[in-house]
Amino acid sequence: MSDLILCWWRNIFSHLLRESANTLEEESGFVMESPDVLRFRRLVLDGRWSETEKELSNLVSDESELRRVRTFQTCGHRQRGAEPYLQEARFLLRRQKYLELLEAQSINEALHVLRTELASVNNDDEELHSLSRFVNYVWSIHQCSHQLRSQFDHVLECRRPQKES
């Protein structure tokens, strides 16, 4: 029965129905997320990437959490061992870190994450290439924005009243 509740809860939670998930947890008496998982979730939301990866390793090494992962995987996902799950989770974390760096226009840092951190956990060259295209997109937006500001400054300069001598 608890496996069924866990599957429902994961499905509800994945659709961002947090209040419904909390109600199911309260009414069933079955705790869905341990304090470790809640801490992990908070680290991800805060963008504390090195701490997040350490916590991820701790979660996967914890047998009770690993059972929860395996139960989740049977809810429509293929069954796997811990290591592929850990690799996939690391990739997802590092991809989020990369995208947040791009959003902050920290392009050099983002490229470093792409080349070193993401490449080390993903063998799919097409996926990495696809992620690298975002750099060009962000750079283009940055250049257009800079050009627009320059043009706007020029227009304002032309409208300024000239000082009389």
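Arg-39 and Asp-36 are both located in helix H3 (residues 35-46), three residues apart, which is about one turn of the helix. Helices (H or I, at least four residues) and strands (E, at least two) are DSSP runs, numbered from the N terminus. The model is a predicted one, in which local features need pLDDT of at least 70 and side-chain atom pairs count only at pLDDT 80 or more, whereas totals for chains, interfaces and linings use all residues. Residues are numbered from 1 along each chain as its sequence is written, and side-chain values use heavy atoms, with hydrogens and water left out.

- Arg-39 forms a salt bridge with Asp-36, and their closest N and O atoms are 2.8 Å apart. A salt bridge is a side-chain nitrogen of Lys or Arg within 4 Å of a carboxyl oxygen of Asp or Glu.
- Arg-39 is partly exposed, with a relative accessible area of 40%, and Asp-36 also counts as partly exposed, at 27%. The cut-offs are as follows: buried means under 20% relative accessible area, exposed over 50%, and partly exposed in between (1.4 Å probe, protein chains only).
- Arg-42 forms a salt bridge with Asp-46, the closest N and O atoms being 3.3 Å apart.
- Arg-42 and Asp-46 are separated by about one helical turn, because they are four residues apart in helix H3.
- Arg-42 has a relative accessible area of 46% and is partly exposed; Asp-46, at 39%, counts as partly exposed.

- Glu-53 has its place in helix H4 (residues 49-61).
- Glu-53 forms a salt bridge with Arg-94, with the closest N and O atoms 2.6 Å apart. Glu-53 lies in helix H4 and Arg-94 in helix H6, so the pair ties together parts that are 41 residues apart in sequence.
- Glu-53 is buried, with a relative accessible area of 16%, and Arg-94 counts as buried at 13%.
- Salt bridges that share partners join Arg-42, Asp-46, Arg-48 and Glu-51 into one network.
- In total, the structure holds ten salt bridges.
- Not counting residues up to four places away in sequence, Glu-53 touches Arg-90, Leu-93 and Arg-94. Such a contact means heavy atoms within 4.5 Å.

**Nonpolar cores**

- The largest nonpolar core has 15 residues, and those with the most contacts inside it are Phe-91, Tyr-98, Leu-102, Leu-114, Leu-118, Leu-131 and Val-135.
- Helix H6 (82-103), helix H7 (107-121) and helix H8 (125-159) are the elements that give two or more residues to this core. H7 gives the most, with seven residues.
- A nonpolar core is a set of buried Ala, Val, Leu, Ile, Met, Phe, Trp, Tyr and Cys residues joined through side-chain atoms within 4.5 Å.
- Val-135 touches Tyr-98, Leu-102, Ile-107 and Leu-111, not counting residues up to four places away in sequence.
- In soluble globular proteins, nonpolar side chains tend to be buried together.

**The loop between H6 and H7**

- Gln-105 lies in the loop between H6 and H7.
- Phi of Gln-105 is near 60°, a positive value in a residue other than glycine.
- Gln-105 counts as partly exposed, at 43% relative accessibility.
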